Amino acid sequence: PAQRPDQPVYVTVKPDLTLAIGNEDVPAGGLAAALGTATNNDREQRIFLRADREVQYGDLMGVMNTLRETGYLKIALVGLEAAPAPATAPAQP
């Protein structure tokens, strides 16, 4: 896998199909402006796209197409970081 940059730009598709860049919500229709701010208008920067598992494939592809139409062609799909499973005590014989 490719190394992630020091300051990766994550676009998250939430279950209600709202978007966030990092931890900041993006207003409807404001993805291009928010990405411009997050990347300093550097359209060569890789965008890491992630989505909740409830998001339908077609909806995720719609966001990806919007990214491409905005001029961001380097898009990596990444999974949401899962919380580690709780440690279990070893079984007693």
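Salt bridges first. The count comes to 2, where a salt bridge is a side-chain nitrogen of Lys or Arg within 4 Å of a carboxyl oxygen of Asp or Glu. This is a predicted model: local features need pLDDT of at least 70, side-chain atom pairs count only at pLDDT 80 or more, and totals for chains, interfaces and linings use all residues. Residues are numbered from 1 along each chain as its sequence is written, and side-chain values use heavy atoms, with hydrogens and water left out.

Take Asp25 and Lys14. Their side chains form a salt bridge, 2.4 Å from N to O. Asp25 sits in strand β3, residues 24-26, and Lys14 in the loop between β1 (9-13) and β2 (19-21). They are 11 residues apart, and the pair links distant parts of the chain. Helices (H or I, at least four residues) and strands (E, at least two) are DSSP runs, numbered from the N terminus.

Now Glu44 and Lys74. Their closest N and O atoms are 3.4 Å apart. Glu44 is in the loop between α1 (31-39) and β4 (47-51); Lys74 is in the loop between α2 (57-69) and β5 (75-77). That is 30 residues apart.

Accessibility next. Buried means under 20% relative accessible area, exposed over 50%, partly exposed in between (1.4 Å probe, protein chains only). Asp25 is exposed at 55%; Lys14 is partly exposed at 26%. Glu44 is exposed at 53%; Lys74 is partly exposed at 35%.

Last, backbone. Most residues other than glycine have a negative phi. Leu17 has a positive phi, near 70°. Leu17 lies in the loop between β1 and β2. Asn40 also has a positive phi, about 55°. Asn40 is in the loop between α1 and β4, and is exposed at 67%.
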